Amino acid sequence: MRLLPLTPDGRTPVRALTIAGTDSGGGAGIQADSRTMALLGVHACVAVAAVTVQNSVGVSGFHEIPPEVVADQVRVVVSDIGIGAAKTGMLASTAIIEAVAGVCRELGIGRDGHIPLVVDPVAASMHGDPLLHAEALDALRHILIPCATLVTPNLDEVRLLTGIEVVDDRTAHKAAEALHGLGPRWAIVKGGHLRSSAFSTDLLYDGDTFVELSAPRIETGNDHGGGDTLAAATACALAHGYTVPEAVEFGKEWTRRCLAASYDLGAGHGPVSPLWRLHSHD
Ligand code: PXL
C-alpha cells in the first residue's frame, strides 16, 4: 500500500491526538491507536479519558478520569505540540463527552474547525462489556457526533445510535442517512461485521453522495482493536491532508493488513496488529 510520508519537513513527524480509554491488555483503545499512529510515522499524542481493567477475555471494570483533566490534556497538547487531526474512542460518561466536545469547539477541532475530528462512538467491548454509561448515548448523539468530521460506529453502535438494524444494502443506506442526520460532516456504516458476503463493504455518506468502499473480507476471531485501528489510521491520513473518502480508503487498507496480521493472545480474542510494518515494505 502507498504509505504516508514520514516527516514532511525532514525532521518532525505530523502529529495526531487520540482522546480515548486505555486497554491494560494492549489490544484496543489508546494502545491500538498509538501503535497504528507510530507505525504510520505519525507522532501520537494521548488524552486519557478512562482506564480499563481488561485482558483478552473481557473488561472487568473501568475508572474515569475527571472531565476537566481530559480537556486539559487536549488543551496543553494543541497549544504546544500542535496536531493535524484528532480522534475520540472510549469516553465513558456524559460529563467527559461534554468536556471533550467543549474543548474541541474551543480549539477548532471538528467539522467546523481547521483540525479534522474522527469520532469513534465506542459503547461496548467485543465481549459485550460496557465502555459507556447507557445514559451517555444521548450526549454522544447530540453533543459530540454533531462536531465530527467523520463518525465511525460499528453495527452495534449504529443500532444503539439510530435504532436501525443493518442487515443488507438498503438498511445500510438508511443507517448512513440517519447517522448523517445527527450532524457529522461524514458518516460511515462499516460492513465488516456483516458476515453475509466475501467482501467487507463500507458505506460513506456526506448528505449528498454515497461512497462505497469494498475489500476482500479477512476471517479472523482476533479482531480486538479493529475499529480503533481504522479510526486511528483514518485520522493519520486526514492529518496528512487526505480528503475523508481518501482517508477512509487508506484506513481500510491499513486495517485489512492489520487483520491479516492479527495473532492469538491469552485465552480470548487476540488483537489486530500493525506490527507487519516492521518486516514489510509494501
Ligand atoms: O475497540 C473498542 C475499544 C475502545 N477502547 C477501549 C477498549 C475497546 C474494546 O475493548 O477496551 C479502551
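I looked up A50 first: its bridge partner in β3 is E64. Strands here are DSSP runs of E of at least two residues, helices runs of H or I of at least four, numbered from the N terminus. β2 (residues 43-54) and β3 (residues 59-64) pair in the antiparallel sense over five bridges; pairing requires that DSSP finds at least two bridges between two strands. A hairpin of four residues joins β2 to β3.

The model is predicted, so I note the limits: local features need pLDDT of at least 70, side-chain atom pairs count only at pLDDT 80 or more, and totals for chains, interfaces and linings use all residues. Residues are numbered from 1 along each chain as its sequence is written, and side-chain values use heavy atoms, with hydrogens and water left out.

Next I placed the hairpin in the sheet. The sheet is open, with nine strands in the order β3-β2-β1-β4-β5-β6-β7-β8-β9 and mixed pairing. β3 and β9 (210-216) are at the edges with a single partner strand each, so one side of each has no neighbour in the sheet.

Then I checked the ligand. Its surrounding residues (a heavy atom within 4 Å) include G21, T52, Q54, H224 and D228. A polar side-chain atom of Q54 is 2.5 Å from a ligand oxygen atom. For D228, a side-chain N or O atom lies 2.6 Å from an oxygen atom of the ligand. The protein covers 92% of the 310 Å² of accessible area (Shrake-Rupley, 1.4 Å probe) that the ligand has on its own.

Notes: A polar contact is a pair of N or O atoms within 3.5 Å; within protein, one must be able to donate a hydrogen and the other to accept it, and residues adjacent in sequence count only if both atoms are side-chain atoms.
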